[in-house]
Amino acid sequence: MSTGRPTARPPHATPTAGPAIEAHGLRKTYGKVTVLDGVDLRVETGNVFSLLGPNGAGKTTTVRILATLTAADAGRARVAGHDVTADRGRVRRAISLTGQFAAVDEKQTGEENLRMMARLSGLSRAASRRRAAELLERFDLTAAGRRLALTYSGGMRRRLDLAAGLVGDPQVVFLDEPTTGLDPRSRQELWQVVRDLADRGTTVFLTTQYLDEADRLADRVAVMDAGRMVAEGTAAQLKAQVGGHRLDVVFTDRAAYARHEQRAVHRSPESLTLGLPTDGTALEVRALLDDLDPERRDVSRFSLHTTTLDDVFLSLTRTGTASRQEPTHV
Amino acid sequence: MSETSGAGRLLTPALTMTGRCVRLSRRDVDAVVTSMMLPVMLMLVFVYFFGGAINTGTEYVNYVVPGILVLCSAFGSSGTAVRVSEDMKGGIIDRFRSLDVGGTSILAGHVVASTARNVFSTALVLSVGLVIGFRPSASAAGWLAAAGILLAFLVALSWLSAAVGLMARTPEAASGFTFFMMFLPYPSSAFVPVETMPSWLHGFADHQPVTPLIESLRGLLHDEPVGTAPWTALAWCGAILAVAVALSGVLFRVRTR
């Protein structure tokens with residue numbers, strides 16, 4: 001498969017059937033640090049895909065490789081039907097990237113920023129003016145259009161940034177932690193923008209540290225940890241993978257807590273509480289309690305919760321933290 | 001959507017980037033004022049404080065103003081390093097790259113804006129010079145030649161400065177280049193004749209790029225024989241520009257890998 005395959009598709013056709021993003025075995029090291037250790041992923045056209053992971057998991061590097069800004073050491077990727085290394089120009093014309101740092105000039109007005117981006121993406125002067133006005137309207141920035149971006153609030157600046165990414169009507173939009181640092185209201189507004197994009201058939205690739213964000217927006221979620229994909233599926237599938245429900249058990253003493261700590265997906269040493277995955281049926285909950293505490297003296301109370309993506313996330317990315325915690329309780 | 005076509009497609013990115021940089025410069029009043037104030041202050045200091053003690057065989061103001069003009073250009077255009085470095089630090093460079101705007105267009109925008117900015121500030125510094133007694137006696141051709149050489153220097157140095165901006169890890173580090181360029185005119189004939197310096201400095205002072213530039217300006221503006229100085233100055237500018245363009249091309253690729 002490593003031979004350069006000729007594409008059957010004409011260069012600018014919208015690839016309706018194939019995946020919008022496809023990557024195989026992406027690797028990247030910086031010096032001695034392995035940032036990506038063989039990443040595979042596939043995002044269908046028109047989907048909202050969310051890449052979840054703790055800081056340093058490799059999310060931004062993945063996005064930068066897919067957006068042609070960084071070259072992978074190994075592996076290959078196609079975005080919007082084009083190879084990210086061999087066909088970089090075509091990929092760039094089909095995508096937009098909104099990164100963690102605002103990519104607008106503070107000392108230009110919102111309108112000037114958008115017109116500049118429109119000119120750079122190949123629109124004529126008149127078309128650029130129209131496009132800027134259109135985007136300001138769509139992102140509720142018309143009133144602020146003639147003010148320097150310097151005077152914008154965090155949420156406004158992020159919207160302008162996003163608008164600037166959309167001047168060229170990209171087929172695939174990459175959003176790298178789009179809501180980090182925003183207040184709850186601005187986050188809601190940004191979520192709406194992502195939903196609108198999805199309604200228009202745009203493929204959205206979104207990285208986030210917030211699980212509720214992925215849960216609300218994404219058709220599919222992938223979890224990344226230490227440069228590897230550790231899970232992929234719909235939010236519901238991922239939750240089902242760790243049981244669908246979580247039984248929180250409060251132990252009577254620290255020794256009992258420590259005995260069962262290994263199997264938990266959620267831990268709270270202060271309150272001696274462990275969360276365990278379960279399907280939530282009476283049969284299984286009863287069996288689980290019997291298994292944990294056959295003598296009926298270790299468990300004082302329990303409660304049952306629907307699994308959240310947080311549980312999924314913690315159970316999947318816990319390896320590092322669990323091994324660090326172990327010795328203290330032996 | 002209507003798209004620009006043909007030659008416009010090649011030039012539009014560079015012109016758009018130039019428009020951006022000019023707009024940003026216009027709004028960065030502090031930097032423009034600083035790049036003018038410093039040469040003006042130095043001019044006043046040299047003419048009124050030190051000038052009386054310096055014997056150059058002419059009115060000192062007539063001797064020093066061409067040097068100040070070069071210092072002003074050097075200082076002003078080296079500020080481009082900071083601007084380029086700021087661009088590289090922010091997210092905007094990724095946005096430009098994801099729009100497939102090449103490094104050359106991005107840097108050319110900075111260089112053109114820097115040149116425009118410095119033509120403006122150099123003209124203002126010159127007019128202050130005229131107010132305090134600078135009396136050039138150049139012919140129209142002399143003025144034109146002087147302006148041309150200074151322009152070549154501005155373009156070359158702005159591009160070199162852009163390369164330094166790509167090299168610097170932070171805008172603060174890039175601003176170090178401003179200092180270097182500001183001091184480069186001192187060991188030259190800008191303020192005092194080279195012969196008055198210790199002999200070990202002559203080699204450097206006589207052969208560094210700033211000296212032939214100042215000699216040409218001084219000669220042209222006072223309608224005196226300039227010998228080969230203008231050609232040496234232009235050769236320096238050409239060489240600096242060639243190195244800067246090549247270097248910045250490589251650096252841009254390295255920095256954005």
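In which loop of chain B is the place of Asp223(B)? Asp223(B) sits in the loop between α10 (210-221) and α11 (229-255) of chain B; helices (H or I, at least four residues) and strands (E, at least two) are DSSP runs, numbered from the N terminus.

The model is predicted: local features need pLDDT of at least 70, side-chain atom pairs count only at pLDDT 80 or more, and totals for chains, interfaces and linings use all residues. Residues are numbered from 1 along each chain as its sequence is written, chains are lettered from A and ligands numbered from 1 in the order in which they are written, and side-chain values use heavy atoms, with hydrogens and water left out.

**Positive phi**

Most residues other than glycine have a negative phi. Buried means under 20% relative accessible area, exposed over 50%, and partly exposed in between (1.4 Å probe, protein chains only).

| Residue | Phi | Relative accessible area |
|---|---|---|
| Glu177(A) | about 45° | 5%, buried |
| Asp223(B) | near 55° | 53%, exposed |

Glu177(A) lies in the loop between β7 (172-176) and α6 (184-199) of chain A.

**Chain A**

Chain A has twelve helices and 14 strands. Its C-alpha trace spans about 80 × 50 × 40 Å along the principal axes. Of the 330 residues in chain A, 50% are buried. Among contacts in chain A with a separation of 6 or more, 68% join residues 24 or more positions apart, where contact means heavy atoms within 4.5 Å.

**The interface**

On the chain A side, 33 residues are in contact with 25 residues of chain B. The size of an interface is often given as the accessible area lost when the parts come together. Here the buried area, that is the accessible area (1.4 Å probe) that two parts lose on being put together, summed over both, is about 2,600 Å². Carbon and sulfur atoms give 54% of that area. In chain A, Arg92(A), Lys107(A) and Leu120(A) lose the most area to chain B, and together they account for 25% of what that side buries.

Eight salt bridges are counted between chain A and chain B, a salt bridge being a side-chain nitrogen of Lys or Arg within 4 Å of a carboxyl oxygen of Asp or Glu. One of them pairs the side chains of Arg23(B) and Glu112(A), at 4.0 Å from N to O.

The elements of chain A that give two or more residues to the side touching chain B are α2 (88-94), β6 (95-98), α3 (110-120), α4 (125-138) and α5 (154-165). The largest share, five residues, comes from α3(A).

**Cysteines**

How many disulfides are there over all chains? The count is zero, with a disulfide defined as a pair of cysteine sulfur atoms within 2.5 Å. For Cys72(B), the closest cysteine sulfur is in Cys237(B), and the 15 Å between them is too far for a bond. Cys237(B) is accordingly in no disulfide. Cys72(B) is buried at a relative accessible area of 0%, and Cys237(B) is buried at 5%.
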